[in-house]
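Thanks for coming. I will keep this short and talk about charged side chains. Here is the model.

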Amino acid sequence: MSGKRILVLGSSFGGYHCAMNLRRLLGREHTVRVVSASPDFTFFPSLPWVVAGTKKPDSLRFDVSGNLKKAGIDFTRDTITKVEPGKNKAVGVAGEYDYDYLVAATGSELDFAAVPGLGPEAGHTHSIFGIEQAVSAQKALARVVESGSGTLSFGNAQGASCLGPVYETAMCVDSVLRKKKVRNRFKIVLFTNEPSIGHFGVGGFGAMTRMLEDEFADRDIEYLVNSKIAGVTPENIEFDGGAKIKNDFCLTVPAFYGSHAYMEAKGLANPRGFILTDDYLANQEYKNIYAVGVSLAIAPPAPTPVPVGVPKTGMMTEVMAKKAAHNIWADINNQEKIRAKDFGVVCIADGGDTAFFIGAKPLFSPRNRLIHKKGIHFHWMKEAFEKYYMVALRHGLPFPNPDFL
């Protein structure tokens, strides 16, 4: 058998785990190469703690290029600008990369430009996608808290799909302010594109909506649903319909693109740049292209008054990565593939002084299993999980099984 060239685009939850699984499954006559815009793996689930000021960011980032090279995986730092499926080629800023199989795991492009005034660079809001953004938000929040009073808002823009971080950050900030005994001086507001709080882009998780309504009532956190941002100024967040929130501090999650690099090839991606796939995570038009994590197109389960995307959590992404690696191995070796779209989800939404554990399979209702519980022990569980995960990444220890439901 002649050796195959497998090109993995991205080195975060999806790209890293897919590449490592491919290297484990395939003989050395096959090459595995990772091309990524950055060698840094960031543990994104803990970034709400960074914004709230309860976590130092240093422990949340690790350069994985050494791990990959040690495993026999080539690593190249480059930003992919175009994929040419007809030529089996990916084009980057610094070079071109031929492949026999390609795995799209590039994560998201943040669409701040969709809303006037949105975003930390050209706009008047902060965000949480990366350590630099989280640290910048933490510093801005600290300045407002130091001023003694203000309105703190946390929101999901129209089209957003990564919906949980604003809930966690709002509750964690509330917890910090209570400990400082200054909570009474600040108004906290959560606004979201979801039709109800706790919808999370999947139609909700049973009683979680009522649990969050009660939690927000106890914490005096106001909330707006079906919110569509018209624009952001230094003074206000303005919504369709005329509602306004004072902009002393605002952290927002924008809508995502998959990648503009995937948009030119007919049949490869949807108009937002997310890869279209079959049940085995392979594109129907180009069978040798797979997608995992945020790069994968997942249609919402039902229409909503304001567009809401479907989230792809780190746990979901790891499961996809493992299954995509198996299916590439199976394709090369004429073995049976496994279905990879029967998603489940496990996550812990932290609140600073408590946390919510959510487990569901499948992702959309009706479900075979649903768990939703609240308690401080889930906060400790999330802290312990982060610490073990990063130690495992640094020292090559086994990772927890992400698909245990």
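Which residue forms a salt bridge with glutamate 386? Lysine 55 does, with the closest N and O atoms 3.0 Å apart. This pair links distant parts of the chain: glutamate 386 sits in helix α8 (residues 376-395), lysine 55 in the loop between α2 (47-52) and β4 (61-63), and 331 residues separate them. Both glutamate 386 and lysine 55 are buried.

A word on terms and conventions. A salt bridge here is a side-chain nitrogen of Lys or Arg within 4 Å of a carboxyl oxygen of Asp or Glu. Helices (H or I, at least four residues) and strands (E, at least two) are DSSP runs, numbered from the N terminus. Buried means under 20% relative accessible area, exposed over 50%, and partly exposed in between, with a 1.4 Å probe and protein chains only. The model is predicted, so local features need pLDDT of at least 70 and side-chain atom pairs count only at pLDDT 80 or more, while totals for chains, interfaces and linings use all residues. Residues are numbered from 1 along each chain as its sequence is written, and side-chain values use heavy atoms, with hydrogens and water left out.

Next, arginine 61 pairs with glutamate 132 in a salt bridge, closest N and O atoms 2.8 Å apart. Arginine 61 is in strand β4 and glutamate 132 in helix α4 (residues 131-147), 71 residues apart. Arginine 61 is partly exposed at 31%; glutamate 132 is exposed at 53%.

In total, the structure holds 19 salt bridges. Asp174, Arg178, Arg183, Glu215, Arg219, Asp353 and Lys374 are linked in a salt-bridge network.
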